[in-house]
Amino acid sequence: MRWAEDINDTLMKPYFYPDLDKSVLFPQEYICLKSGHTRGSTVDLTLFDMNTEKELDMGGTFDWFGPESHPDFCGNPETGEYTGDNSKSPAEPKRSITPEQFQNRMILRQAMLRHGFKPFDTEWWHFTLKDEPFPDTYFTFPVKQLK
């Protein structure tokens with residue numbers, strides 16, 4: 001939160017939000033003041049291939065703030081159909097993802113949906129438990145490492 005609120009700290013701009021001004025990260029909900037992560041009901045995750053011992057290629061980095069991270073980028077997440085439609089990319093030339101990268105996103109999405117999670121419409125990696133035990137609570141207790 002401290003990093004996000006410091007508008008002058010733009011060191012990570014090329015890596016995570018090259019097409020956005022940092023001042024829009026909160027209004028566009030790429031970063032929220034309160035998060036379901038504090039409840040333990042929201043997770044950010046990807047897929048890992050045990051054979052190659054590497055993450056699957058999802059067509060973008062975790063916490064990339066832009067339409068390229070949206071589940072519907074280059075396809076329809078409801079049908080799982082890859083369309084290649086990259087018109088929402090603000091970059092020139094337009095960024096895109098491959099059919100395989102879109103399919104990897106859909107494998108993750110379908111697995112999470114089957115297990116009771118709901119997706120977030122701007123991040124392919126972000127899922128929240130549908131039946132959260134504390135949906136309106138934001139925990140603020142300090143986290144400490146036990147010795």
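Author: Start at P93. P93 sits in the loop that links strand 5 (81-82) to helix 3. Bear in mind that this is a predicted model. The peptide bond between E92 and P93 is cis, with omega at about 0°. Most peptide bonds are trans, and most residues other than glycine have a negative phi.

Now follow the chain out of that loop. Helix 3 covers residues 99-114. Helix 3 lies across strand 1, strand 6 and strand 7. Relative to strand 7, helix 3 runs at about 5°.

What is the order of the strands in the sheet? The order is 1-7-6. This is an open sheet of three strands, and the pairing is antiparallel. Strand 1 (42-44) and strand 6 (117-120) are the edges. Each has a single partner strand, so one side of each has no neighbour in the sheet. On average, neighbouring strands here are turned by 30° against each other, direction ignored.

Take strand 7 next, residues 123-129. Strand 7 is mostly covered, with six of its seven residues buried. Towards strand 1, strand 7 is joined by three bridges, and the two run antiparallel. D44 has H126 of strand 7 as its bridge partner. Towards strand 6, the antiparallel pairing spans four bridges. There, K118 has T128 of strand 7 as its bridge partner. Strand 6 and strand 7 also form a hairpin, with two residues between them.

Step back for the wider layout. The protein has three helices and seven strands. Read from the N terminus, the elements go α-α-β-β-β-β-β-α-β-β. The C-alpha atoms fill a box of roughly 45 × 40 × 30 Å along the principal axes. Of the 147 residues, 32% count as buried. The protein exposes about 9,700 Å², and carbon and sulfur atoms supply 55% of that area. Look at contacts with a separation of 6 or more: 56% of them come from residues 24 or more positions apart.

Now the aromatic rings. There are five aromatic pairs in the count. One of them is Y30 with F65: the ring centres are 5.4 Å apart and the planes meet at 45°, so the pair is tilted. Y30 belongs to the loop between helix 2 (13-16) and strand 1, and F65 to the loop between strand 3 (54-55) and strand 4 (75-76), so the pair ties together parts that are 35 residues apart in sequence. Y30 and F65 are each buried. F62, W124 and W125 form one aromatic cluster.

Two charged side chains sit over rings. K22 lies over the face of W3, at 3.9 Å from the ring centre. R39 lies over the face of Y138, at 4.9 Å from the ring centre.

Go back to the two loops that hold Y30 and F65. E29 is in the loop between helix 2 and strand 1. E29 is not a glycine, yet its phi is positive, at about 60°. Its relative accessible area is 46%, so E29 counts as partly exposed. D63 is in the loop between strand 3 and strand 4. D63 is a residue other than glycine too, with a positive phi near 65°. At 24% relative accessibility, D63 is partly exposed.

Finish at helix 2, where Y15 is found. Is Y15 buried or exposed? Y15 counts as exposed, because its relative accessibility is 53%. Leave aside neighbours within four places in sequence, and Y15 is in contact with T61 and W64. K147 is 132 residues from Y15 along the chain, and their C-alpha atoms are separated by 35 Å.

Terms used
Residues numbered from 1 in each chain as written. Predicted model: local features only at pLDDT ≥ 70, side-chain atom pairs only at ≥ 80, totals over all residues. Heavy atoms only, no water. Pairing = 2+ DSSP bridges. Axes fitted to C-alpha atoms, helices over the stretch in contact; angles between N-to-C directions. Contact = heavy atoms within 4.5 Å. Phe/Tyr/Trp six-rings, centres within 6.5 Å; stacked < 30°, edge-to-face > 60°. Buried < 20%, exposed > 50% of the residue type's maximum accessible area, 1.4 Å probe, protein only. Lys NZ or Arg CZ within 6 Å of the ring centre and 35° of its normal. Areas by Shrake-Rupley, 256 points an atom, 1.4 Å probe, with all protein chains shown as cover.
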